[in-house]
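Please brief me on this chain: its overall build, its domain contact and a few selected residues.

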Amino acid sequence: VIACGCEAGVERVVPADETPDGRPGVAVLIFAMDINGLRSVVPLRIGQCVLTSPTSACFAGMTGGDTVSIGKALRYFGDGWQIAKNVDGRRIWRIPVMEGEFVCDHESGTTSGVGGGNILILATSRGEALAAAEAAVDAMDKVEGCILPFPGGVVRSGSKVGSKYKGMFASTNNFYCPTLRAQTATQLPPEVASVLEIVIDG
């Protein structure tokens, strides 16, 4: 969540027979620190990454819990041309876009989860660390209900809480940076030359 308000990722591919519009899709999970964080970031992420994507639609895959806006917030992009419909008990928004129309649910449900479970991989070389991390990601990708929110599932820039700079709530984890071993306290054994992290949200 450093400087972006959430962690998000594709949880699984959804076959056409499981989606509201009968087209293949993906299930995306979005994690924030609290419900207010979700309410702020979900419409922003969907507006930036889904509304803009040709042929896309956005449907809530979750009911219950507190709600977060999808079409309830994004409908204003329609500039008065948007239309609300009730389809099978769902409130759906049709928002005109240059390519056709963007169809989305009014809102989504939420649930609590765990964000930021961390695994650190300590290796004697960059190549060994990356090979181990990629093997772990391949195994974790088979688990439903979780995401690895960083590119390729692997983090090279693991962080610690806090910083010497005011306003930074996280900074480089110097205790696990091999290049800083001679300059700061370290948690690394002498043979470790590279550290990678896998963050798991579920």
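Residues 24 or more positions apart account for 59% of the contacts in the chain with a separation of 6 or more, where contact means heavy atoms within 4.5 Å. The model is predicted: local features need pLDDT of at least 70, side-chain atom pairs count only at pLDDT 80 or more, and totals for chains, interfaces and linings use all residues. Residues are numbered from 1 along each chain as its sequence is written, and side-chain values use heavy atoms, with hydrogens and water left out.

**Overall build**

- The chain holds three helices and eleven strands. Helices (H or I, at least four residues) and strands (E, at least two) are DSSP runs, numbered from the N terminus.
- Read from the N terminus, the order of elements is β-β-α-β-α-β-β-β-β-β-α-β-β-β.
- Along the principal axes, the C-alpha atoms fill a box of roughly 65 × 40 × 35 Å.
- Of the 202 residues in the chain, 33% are buried. Buried means under 20% relative accessible area, exposed over 50%, and partly exposed in between (1.4 Å probe, protein chains only).

- The domain assignment gives domain 1 (7-108) and domain 2 (115-201). Such bounds come from an automatic or database domain assignment.
- Eight residues of domain 1 and nine residues of domain 2 take part in the contact.
- The centres of domain 1 and domain 2, taken over C-alpha atoms, are 32 Å apart.
- About 660 Å² is buried between domain 1 and domain 2, and carbon and sulfur atoms give 59% of that area. Buried area is the accessible area (1.4 Å probe) that two parts lose on being put together, summed over both.
- Glu-7, Glu-11 and Phe-31 supply 66% of the area that domain 1 buries against domain 2, more than any other three residues.
- There are zero salt bridges between domain 1 and domain 2. A salt bridge is a side-chain nitrogen of Lys or Arg within 4 Å of a carboxyl oxygen of Asp or Glu.
- One residue pair, both at pLDDT 80 or more, is in polar contact between domain 1 and domain 2. A polar contact is a pair of N or O atoms within 3.5 Å; within protein, one must be able to donate a hydrogen and the other to accept it, and residues adjacent in sequence count only if both atoms are side-chain atoms.
- Strand 1 (7-14) and strand 2 (25-31) each supply at least two residues of the side of domain 1 that touches domain 2. Strand 1 gives the largest share, six residues.

**Glu-11**

- Glu-11 lies in strand 1.
- Glu-11 counts as buried because its relative accessibility is 14%.
- Beyond its neighbours within four places in sequence, Glu-11 is in contact with Ala-27, Val-28, Leu-29, Glu-144, Gly-145, Cys-146 and Ile-147.

**Asp-105**

- Asp-105 sits in strand 6 (residues 100-105).
- At 3% relative accessibility, Asp-105 is buried.
- The side chain of Asp-105 reaches the backbone nitrogen of Ala-60 at 2.7 Å.
- Not counting residues up to four places away in sequence, Asp-105 touches residues including Cys-58, Phe-59, Ala-60 and Arg-90.

**Ala-193**

- Ala-193 is in the loop between strand 10 (170-172) and strand 11 (194-200).
- Ala-193 is partly exposed, with a relative accessible area of 44%.
- Ala-193 and Leu-122 are 71 residues apart in sequence, and their C-alpha atoms are 7.8 Å apart in space.
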